[in-house]
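Please keep the sequence and the 3D view open as you read.

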Amino acid sequence: MKLFISISGYLLAYKCLKDNKQAYGPFVKSKMIRLLIPYILVLLLYNDPLKFILNIPGYENPFTVLIDQLLGTNCAHLWYLPCLFFLLIISYPILTWAGKNLWKHIILVVVFLGVNYFSGRFPRI
């Protein structure tokens, strides 16, 4: 799953970079509008009211729940939206650096596979 999400974020950034050469600032702004605004709206208008109505444990303090959701620690089934946003933000400058150089792209794939392999090998801090 980690590899799939990483590749999808990388390929989406590649597609955006290939289609139109946007500056980094407007790129981040457009992706924030397309990914994070729907994330926040669905959390506030659907997810939270439903969990408060159903008395789901852990939703007693709305302020704590909101902070956890904005940090991405308690975002239920919407975890992929902030994840995809941050992968896009990270991938865009990397792809700009790689350009059309095939060897740089091969190096990036090897690095990403290595990160994926070793990411589950170390304990969390």
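## A buried lysine

Let's start with Lys31, which is buried at a relative accessible area of 7%; buried means under 20% relative accessible area, exposed over 50%, and partly exposed in between, using a 1.4 Å probe and protein chains only. Lys31 is found in helix 2. Helices (H or I, at least four residues) and strands (E, at least two) are DSSP runs, numbered from the N terminus.

Which residues does Lys31 contact, beyond its neighbours within four places in sequence? They are Cys16, Leu36, Phe85 and Leu88, where contact means heavy atoms within 4.5 Å.

## What kind of model this is

This is a predicted model, in which local features need pLDDT of at least 70, side-chain atom pairs count only at pLDDT 80 or more, and totals for chains, interfaces and linings use all residues. Residues are numbered from 1 along each chain as its sequence is written, and side-chain values use heavy atoms, with hydrogens and water left out.

The pLDDT, the predictor's confidence in each residue on a scale from 0 to 100, averages 78 over the protein chain, and 89% of the residues score at least 70.

## The overall picture

The protein chain has 5 helices and 0 strands, giving the pattern α-α-α-α-α along the sequence. Of its 125 residues, 27% are buried. Among contacts with a separation of 6 or more, 69% are between residues 24 or more positions apart.

The accessible surface of the chain is about 8,900 Å², with 73% of it belonging to carbon and sulfur atoms. These areas come from the Shrake-Rupley method with a 1.4 Å probe; for residues, only the protein chains shown count as cover.

## The nonpolar core

A nonpolar core is a set of buried Ala, Val, Leu, Ile, Met, Phe, Trp, Tyr and Cys residues joined through side-chain atoms within 4.5 Å. The largest one here has 20 residues, and those with the most contacts inside it are Phe27, Leu35, Tyr39, Leu78, Leu81, Phe85 and Leu88. Helix 1, helix 2 and helix 4 (80-98) are the elements that give two or more residues to this core, and helix 4 provides the largest share, 8 residues.

Take Tyr39 as an example: leaving out residues up to four places away in sequence, Tyr39 touches Gln69, Gly72, Cys75, Leu78, Leu81 and Pro82. Leu36, also worth a look, is placed in helix 2 and is buried, with a relative accessible area of 16%. Leu36 and Pro82 are 46 residues apart along the chain, while their C-alpha atoms are separated by 6.5 Å.

Ile33, Ile37, Ile40, Leu41, Leu44, Leu45, Leu66 and Leu70 make a nonpolar surface patch of about 700 Å². Patches are made of residues with over 30% relative accessible area and no salt bridge, with like charges joined within 9 Å and nonpolar side chains (Val, Leu, Ile, Met, Phe, Trp, Tyr) within 5 Å. A salt bridge is a side-chain nitrogen of Lys or Arg within 4 Å of a carboxyl oxygen of Asp or Glu.

Helix 2 (24-53) and helix 3 (62-71) each supply at least two patch residues, and helix 2 gives the largest share, 6 residues. Ile37 lies in helix 2 and counts as partly exposed, at 43% relative accessibility.

## A histidine in helix 5

Finally, His105 is found in helix 5. Is His105 buried or exposed? His105 is buried, with a relative accessible area of 17%. Beyond its neighbours within four places in sequence, His105 is in contact with Tyr10, Tyr14, Leu95, Ala98 and Gly99.
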